[in-house]
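Visitor: I'd like to learn how to read a two-chain model, one feature at a time. Could you put it up and walk me through it?

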Amino acid sequence: MNAKPPMSEGIRVAAVADIAEGEGIVIARSITGTDDDVALLRDDDGSVWALDNTCPHAEASLAEGWIEGGQVECPLHSSKFCLKTGAVDGLPATQDARPHRVEVRDGQVFLYPGERP
Amino acid sequence: MTSTMHPGAEGQALTSPPRTALRRPAELERTVDVSGLVDAEGGLLDRALFTDELIYRQEQRRIFATHWLFLAHTDQFHKPGDFFTTYMGEDPVIVTMDKNRKIRAYLNSCRHRGVRVCRAEVGATRSFTCTYHGWAYDLEGKLISIPNKEGYPDTFQSGDWGLVEVPNVDSYHGLIFGNWDPGASSLRDSLGGMTWYLDAMLDHDPEGTIVVGGVEKWVLEGNWKLAAEQAASDWYHVNMSHGSALTVLAGGKPKAEVVHRTGRQYVDPRGHGHGFPVHPRNRFDAQTVHEWMDYAALRLRLGDARVEGPLTTGHGTVFPNFSYLPVNGSIRVAHPKGPDRMEVWAWCIVDKSMPEHVREAQRLYNLRTFGPSGIFEQDDGENWSEVQTISHGFITNSMHLNYQMGLGSEREDGRHPGITSELYSDAAARSFYAHWRDLMNTPAWHERKTADE
């Protein structure tokens with residue numbers, strides 16, 4: 001699945017300050033080297049997580065979703081996904097979202113595409 | 001006639017997919033000639049126009065589907081995705097700010113099975129998703145998600161199935177209006193000379209108005225026109241209907257000056273009206289608001305005639321169902337809910353330049369006088385419901401109603417623009433019903449195409 005092997009440094013994709021709490025941004029697949037764009041999602045406790053951006057159910061962008069309490073809710077059909085594991089909590093989606101590990105160092109977000117958190 | 005050249009053809013595209021064999025039979029939309037129900041010149045009304053189901057349905061087609069209608073205040077929209085749901089007649093609509101910060105309005109009904117795509121009264125969103133099967137629309141009304149889309153035939157084009165958009169949305173000094181008629185004249189033209197009177201409430205200073213508190217909503221028995229005509233025209237009821245409230249506010253002793261008010265009533269040929277006492281020391285009732293107001297500055301900006309007239313006490317209606325009371329900042333819509341029922345939605349607006357304690361004083365004064373629990377509002381609602389409750393008896397319904405006060409008094413008074421009548425007069429009501437009659441007897445934009453075929 002993943003086009004690139006694990007990297008020790010990760011890819012610097014954003015500053016934490018670029019993402020408001022409860023919001024998400026999209027990192028293009030041309031940067032991440034993944035099959036799908038990656039959604040960087042900032043929880044309401046300030047922590048940053050990454051999932052494949054396209055909802056496994058339909059064509060929604062999870063970066064546009066509602067983020068709070070460790071979950072992102074799909075903006076179109078309301079399935080919720082765990083920010084850490086990508087696990088789906090109920091219909092209409094049936095598949096989990098794919099998670100990616102992130103690290104925050106000195107206020108910068110480093111993405112490790114394909115690595116589990 | 002080439003149908004594509006006609007406004008009706010454009011109108012058809014509002015709600016119809018490109019190819020359809022559907023043709024609604026005319027029997028479903030029977031039209032009544034209402035010219036025998038309104039004698040505006042003689043000041044008499046047939047009571048059926050408050051009670052009849054056919055007339056009510058014709059109002060939906062020829063008044064609410066053709067006229068500029070109040071939707072919301074601009075202060076309710078600050079970010080893309082902010083929305084407010086309301087009604088245009090009985091049609092549910094979503095008013096929202098799109099990604100380009102443009103205010104737009106859509107029919108709140110999924111193009112698939114017709115469920116509302118927004119169930120909330122107010123909020124912020126990124127899309128509108130139907131709770132039934134999951135069709136989802138973006139802020140521009142475009143259909144962006146169709147679960148199991150592969151089940152539809154190749155001829156299905158999602159571009160044909162966006163939300164039905166209200167083709168005209170415009171605002172005047174913070175008041176947002178919508179109009180379903182693709183060929184409608186401008187909002188400004190529709191308001192006509194009424195703007196001079198509206199500005200006395202909306203244009204105290206360059207900062208304009210904002211909304212304080214939420215939207216209060218209440219249901220009551222009574223045809224929607226009872227609320228609209230009263231605010232347009234009826235000062236006559238004040239001393240009788242509101243006698244107890246006025247006595248209490250005067251410190252427990254009736255005041256002769258309250259009863260013997262003189263003033264004028266603006267009579268607009270488009271059915272609008274505004275009645276107001278005229279006095280050199282007209283003032284805002286709430287003491288904190290009165291003390292904050294700079295009447296000298298208002299005289300410079302609005303002129304003496306407005307400060308001594310429509311600035312404060314009085315009330316008006318913008319045809320058909322938007323009304324306002326400047327003294328307490330109340331703006332409201334009487335939504336029709338069948339011939340016998342209305343739902344009043346009321347906002348309290350204040351000058352943006354007011355400091356917090358003045359805004360709060362006006363909000364409380366508004367609640368205590370013209371909110372659903374206000375001491376004046378309850379008097380009015382009681383009368384409207386009393387009128388409606390007995391109106392279906394045959395003999396009762398056949399009894400003509402009297403609107404003759406001030407017959408022939410309409411004139412140019414040299415101080416207030418347009419035509420005015422006495423404060424105590426039915427002139428604006430007569431004009432309201434004359435305009436109502438004319439619209440009810442005119443085929444609407446959505447009927448013309450059918451008529452041409």
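Visitor: How many residues of domain 1 of chain B are in contact with domain 2 of chain B?

Guide: Before counting, a word on the source: this is a predicted model, where local features need pLDDT of at least 70, side-chain atom pairs count only at pLDDT 80 or more, and totals for chains, interfaces and linings use all residues. Residues are numbered from 1 along each chain as its sequence is written, while chains are lettered from A and ligands numbered from 1 in the order in which they are written. Two residues are in contact if their C-beta atoms, placed from the backbone, lie within 7 Å. Here seven residues of domain 1 of chain B meet eight residues of domain 2 of chain B.

Visitor: Where do the domains of chain B run?

Guide: Bounds come from an automatic or database domain assignment. That gives 69-171 for domain 1 and 192-440 for domain 2 in chain B. Their centres, taken over C-alpha atoms, are 33 Å apart. On the domain 1 side of the contact you'll find two nonpolar, three polar and two charged residues (nonpolar: Ala, Val, Leu, Ile, Met, Phe, Trp, Tyr, Cys and Pro; charged: Asp, Glu, Lys and Arg; polar: the others, Gly among them).

Visitor: What does the contact between the chains take from each of them?

Guide: Chain B gives seven residues and chain A gives eight residues. By class, chain B's side has two nonpolar, four polar and one charged residues.

Visitor: How many helices and strands does chain B have?

Guide: These are DSSP runs, numbered from the N terminus: helices are H or I with at least four residues, strands are E with at least two. Chain B has 16 helices and 21 strands. Its radius of gyration is 23 Å, close to the 22 Å of the globule rule for 453 residues, so chain B is as compact as a globular protein of that length. The radius is taken over C-alpha atoms, and the rule is 2.2 Å times the number of residues to the power 0.38.

Visitor: And what is the order of elements in chain A?

Guide: Chain A has one helix and nine strands, running β-β-α-β-β-β-β-β-β-β from the N terminus. The C-alpha atoms of chain A fill a box of roughly 35 × 30 × 20 Å along the principal axes.

Visitor: Which residues have the most contacts inside the largest nonpolar core?

Guide: Think of a core as a set of buried Ala, Val, Leu, Ile, Met, Phe, Trp, Tyr and Cys residues joined through C-beta atoms within 7 Å. Buried needs 20 or more other C-beta atoms within 10 Å of a residue's own, exposed means 12 or fewer, and partly exposed lies in between, with C-beta atoms placed from the backbone. The largest core has 123 residues, and Leu40(A), Leu41(A), Ala50(A), Leu62(A), Val95(B) and Ala227(B) have the most contacts inside it. Helix H15 (residues 427-440) of chain B supplies the largest share, eight residues.

Visitor: Is Met440(B) buried or exposed?

Guide: Met440(B) is found in helix H15 of chain B, and it counts as buried because it has 23 C-beta neighbours inside 10 Å. Leaving out residues up to four places away in sequence, Met440(B) touches Val34(B), Gln58(B), Arg62(B) and Ile63(B). Its C-alpha atom is 8.8 Å from that of Ser35(B), 405 residues away along the chain.

Visitor: How many residues of helix H5 of chain B are buried?

Guide: For H5 (residues 224-233), 10 of its 10 residues are buried, including Trp224(B) and Lys225(B).
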